[in-house]
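Open the model in your viewer and keep the sequence panel beside it. The stops below say what to select and what is there.

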Amino acid sequence: MTVEHTTRTLAQGRAAQELALRRTEFELAVQLGHVRTVPATTGGRRRVPQEEIDRLRAEPDFPGGLHDRVRTVGTAQAAELARISGDRFTRLARTGHFTPVSYYLNRYRAVVWLYLACEVRDAAARHRELLTGRMPDALRDLLRTGHDARPRAWRDRRLQLLVRQADGPWARAAAIASFLDPGQLAEVVADPYERTHLELLRPAPPPGHPQSAAARDIADRLLRAADPDEILSFRTRLTEALRQARAAAPAPRPEPAARPPATDIPVAASSAETGTPCTGRRVAPRRRTGLLARLGLRRTRAG
């Protein structure tokens, strides 16, 4: 929700320096809720209250504790933390036992998943029985089908982050709508003005979103729900979010077109009554030039 603030605030770049974090680490800390931000009074990027900086710097484990909470690792490092092979870690991640927090595309446009180091250690402790020996038959069968839980698990995680950061019910609905393709969105949101409003509130892509067309197409697919049951889940969530948003306030609509000013110039009668066109303009009477007029003229002259 929107937070009113009167204290001094810092730009995000300056706040990252104060907290001894790199830009990507700071953005992740904000997404995970470790660093609170507030809307800028003049619009633009959200800012960080000075009191939030003071709170974090006063923690006994600063800066190491904050850095450890946002430290990310790739598959190789994650496997070392879990004390298993990289291949086994990948299989366990594909079956949903390790959840990625972000990703990037390498030079071959392959998706490289990143994991929070602290979560890898915790998950490894929870699933000790899966770290050694033969994997359960159920997991082996799941892997044979090509199952990969990482994209969907990442989308679910991103949705939670976006909803937590959303300022108001329409922004929350826009966060959910961003995971549906335009066709699915049009089916759920029939009103074009509501769709336009959701598009204006659409969250920015995650940090590191590629700029080249080919790589951006791959990244965009990761942002969209893929499986039928996942699509249904997002549609259901969006329907409920829209109900709440509409109850709070309707989506903006253009003002109705103003009517033309009234005029005191008489409007010509319809053609059915006078034989003249209905143009809305004053029509001058026609001059009578028929036989009776000529006869009348002769009578006048004769008189």
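**Stop 1: helix α6**

Select residues 86-94, which form helix α6; Arg88, Phe89, Leu92 and Ala93 are buried there. These four lie on the same side of α6, because they cover an arc of only 135° around its axis. An α-helix has 3.6 residues a turn, so residues three or four places apart point the same way. This is a predicted model, with a mean pLDDT of 85 for the protein and 83% of residues at 70 or more.

Which elements cover the buried residues of α6? Among them are α5 (75-82), β5 (111-116), α7 (117-126) and α9 (150-165). Then step just past the end of α6 to glycine 96, where phi is positive, at about 90°.

**Stop 2: α5 against α6**

The axes of α5 and α6 are 9 Å apart and the helices pack at about 95°. The two helices are therefore roughly perpendicular to each other, as angles from 65 to 115 degrees count as such. Show side chains for Thr75, Ala78 and Ala79 of α5, which meet Gly86, Phe89 and Thr90 of α6. This contact of α5 with α6 has 3 nonpolar and 3 polar residues, and no charged ones.

**Stop 3: α10 and α12**

Now select residues 169-177 (α10) and 192-200 (α12), whose axes come within 8 Å and cross at roughly 85°. That angle makes α10 roughly perpendicular to α12. On the α10 side the contact is made by Trp170, Ala173, Ala174 and Ala177, and on the α12 side by Glu194, His197 and Leu198. By class, the residues of this contact are 5 nonpolar, 1 polar and 1 charged.

**Stop 4: tyrosine 193**

Stay on α12 and pick tyrosine 193, which is found in this helix. Is tyrosine 193 buried, exposed or partly exposed? It is partly exposed, because its relative accessible area is 38% and buried would require under 20%. Leaving aside residues up to four places away in sequence, tyrosine 193 touches Ala251, Pro252, Arg253 and Pro254. Draw a distance between the C-alpha atoms of tyrosine 193 and proline 252: they are 7.1 Å apart, although 59 residues separate them along the chain.

**Stop 5**

Finally, colour by pLDDT. Residues 1-5 stay under 50, and the model has 11 contacts for them beyond four places in sequence. Residues 267-280 are also below 50, with 14 contacts beyond near neighbours in sequence. Where pLDDT is low, the predicted coordinates should not be read in detail.

Methods: Residues are numbered from 1 along each chain as its sequence is written. This is a predicted model: local features need pLDDT of at least 70, side-chain atom pairs count only at pLDDT 80 or more; totals for chains, interfaces and linings use all residues. Side-chain values use heavy atoms; hydrogens and water are left out. pLDDT is the predictor's confidence in each residue, from 0 to 100. Contact means heavy atoms within 4.5 Å. Buried means under 20% relative accessible area, exposed over 50%, partly exposed in between (1.4 Å probe, protein chains only). The arc is that of the directions from the helix axis to the C-beta atoms. Axes are lines fitted to C-alpha atoms, for helices over the stretch in contact, and angles run from 0 to 180 degrees between N-to-C directions. Angles under 35 degrees count as roughly parallel, over 145 as roughly antiparallel, 65 to 115 as roughly perpendicular and the rest as oblique. Ala, Val, Leu, Ile, Met, Phe, Trp, Tyr, Cys and Pro count as nonpolar, Asp, Glu, Lys and Arg as charged, and the others, Gly among them, as polar.
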